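I opened this chain to look up its strands, its aromatic pairs and its helix contacts. My entries follow the order of the look-ups.

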Amino acid sequence: MRAPSGILRQFVLALLAFWLSLAPASADTRVALVIGNGAYVSTAQLPNPSHDAEDVASSLRRSGFEVLQGIDLRQADMQDLTIRFARAASRADVAMFYYSGHAMQYNGVNYLMPVDAVLTDEADLKRFVRVDDIVNDLQQAKNLRILVLDSCRDNPLADMLKRSATRAASIGRGLSKVEAPRGTIVSFSTQSGQVAADGSGRNSPYTTAFLKHIEEPQEIGDVFRDISSDVYDNSGKTQLPELSLSIIGKFYLNGPVSVTVAPAAPQAAPKADPCAAAEAHWKAADSIGTLAAYEDHLARFPNCIFATLAKARVEGLKQKTALAPAGNVRTTDSKDFDGSWDVTLNCPTAGKAQGFTRGLAGTVANGVFHAEAQNQNGVNRLEIDGQIPANGKTTLSARGTTGASTYTLNNLPPGSPYAFTVDAQFDRTRGNGKRNEARACNLVFVKR
């Protein structure tokens, strides 16, 4: 007996909605710079920022952000990381800057403080990062820009500057107000001219509320209003975040999935498939293997099957270029991880996919990790890359092509490209690596 067409239709729609709920909520490009400065040399240390930055970075990665992360950054490291962020924001649809640590205002200009900064006179302000410069970098993103400063804390160095100033200057408490440019959200942990509390837990009161709401499937303006409301209520109505929004329309970082059923439209003449030549072009570009070849493939076929793999190859080549001696600039104190590493990739059998164990030779230079495995013909079949911060906790990117007996997802045929990310924890102790899950696989790192 056949099921009624109405029931069958509802069943199909339910399956479609379930499938969509498993897919990424958005195909836009998202980048974030997350900094937590607490281990200050010349002023009071802050207990929360390192935890705040780690937790916020993990949350944003779950929401599809490519995250640049820095903890307890010195002046040179902080400037280098903001430069990298400016370049990333220029090609992003959504850009976010999050900062937890000491900051101050001077003559109406807000400054963020690296951990090695001193402040004996006005000239030392050049060692700080200007918030105005960060706002300008954010404006390069195409659709949405977000500035979050959990930094309106009492800064004793401001009093030192006030005593040494040689001319009349305005040095107020907290930060001065920043009006959000069009398409921007600006959120401070408390109102301009006020001081925020550090709190007594792992995270500051503001970051606690931020982590509670930022992954909710709500419109982004409502998310930040809920954050402000939580901070205000939980502080006994003594701390009210400063919030400025200048956005048009609605935007969701983790939006609700909706399925709209419309009457079938008349069939139009078939259009030419823009991806018809993508495979042939990809094989040619991959055989050449240069940065220009991969960038040309992205320009010609930005929405086709090999685009993700091409982006991964571009980033991998750029990382290798950055390892050249003339261009080495460290962003964290991660030299302890430098050296050779043995990497074991363990993938168990799952369904029809045959399991395997594979070893890779890895190296870390200036805090940048790279490992690769080759087949008998010398062709790269798997590469793993990533930046390692001082605490050893990072997210690596893996990419390659499937082999005849390789563990695959979705029953991909041999030669199919694949890519995934894995959260990893590097350990400085010799021979004491930690397991890290990569989908159904484990990455095991053992220092030689």
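The entries below go from the whole chain to single elements.

**Ground rules.** I am working on a predicted model, where local features need pLDDT of at least 70, side-chain atom pairs count only at pLDDT 80 or more, and totals for chains, interfaces and linings use all residues. Residues are numbered from 1 along each chain as its sequence is written, and side-chain values use heavy atoms, with hydrogens and water left out.

**Whole chain.** I found 10 helices and 17 strands in the protein chain. Helices (H or I, at least four residues) and strands (E, at least two) are DSSP runs, numbered from the N terminus. Of the 448 residues, 45% count as buried. Buried means under 20% relative accessible area, exposed over 50%, and partly exposed in between, with a 1.4 Å probe and protein chains only. I then looked at contacts (heavy atoms within 4.5 Å). Among those between residues at least 6 apart in sequence, 64% join residues at least 24 apart.

**Strand β8.** Is β8 buried or exposed? Five of the five residues of β8 (residues 184-188) are buried, so the strand is largely enclosed by the rest of the structure. I checked both faces. T184, V186 and F188 are buried on one side, and I185 and S187 are buried on the other.

Next I looked up the neighbours of β8. Strands pair if DSSP finds at least two bridges between them. Strand β7 (residues 144-150) runs parallel to β8, joined by five bridges. L147 has V186 in β8 as its bridge partner. Strand β9 (residues 242-246) pairs with β8 in the antiparallel sense, also over five bridges. Here F188 has E242 in β9 as its bridge partner.

**A second sheet.** I found an open sheet of three strands in the order β4-β5-β6, with antiparallel pairing. Its edge strands are β4 (103-106) and β6 (129-130), each pairing on one side only. Strand β5 (residues 109-112) meets β6 over two bridges. Y111 stands opposite R130 in β6.

**Aromatic pairs.** I took rings of Phe, Tyr and Trp (its six-membered ring) as paired if their centres lie within 6.5 Å; planes under 30 degrees apart count as stacked, over 60 as edge-to-face and the rest as tilted. The count comes to five aromatic pairs. One of them is Y98 with F210, tilted, at 5.9 Å centre to centre and 45° between the planes. Y98 lies in strand β3 (residues 94-100) and F210 in helix α6 (residues 205-213), so this pair ties together parts that are 112 residues apart in sequence. Y98 is buried at 0% relative accessible area. F210 is buried too, at 0%. I also noted one aromatic cluster, formed by Y98, Y206, F210 and F224.

**Helix contacts.** Axes are lines fitted to C-alpha atoms, for helices over the stretch in contact, and angles run from 0 to 180 degrees between N-to-C directions. Angles under 35 degrees count as roughly parallel, over 145 as roughly antiparallel, 65 to 115 as roughly perpendicular and the rest as oblique.

The axes of α6 and helix α7 (residues 220-234) come within 9 Å and cross at roughly 140°. That makes α6 oblique to α7. Their contact includes Y206 and F210 of α6 and F224 of α7.

I then turned to helix α3 (residues 75-89) and helix α4 (residues 131-138), whose axes come within 8 Å and cross at roughly 25°. They are therefore roughly parallel to each other. T82, F85, A86 and A89 in α3 meet I134, D137 and L138 in α4.
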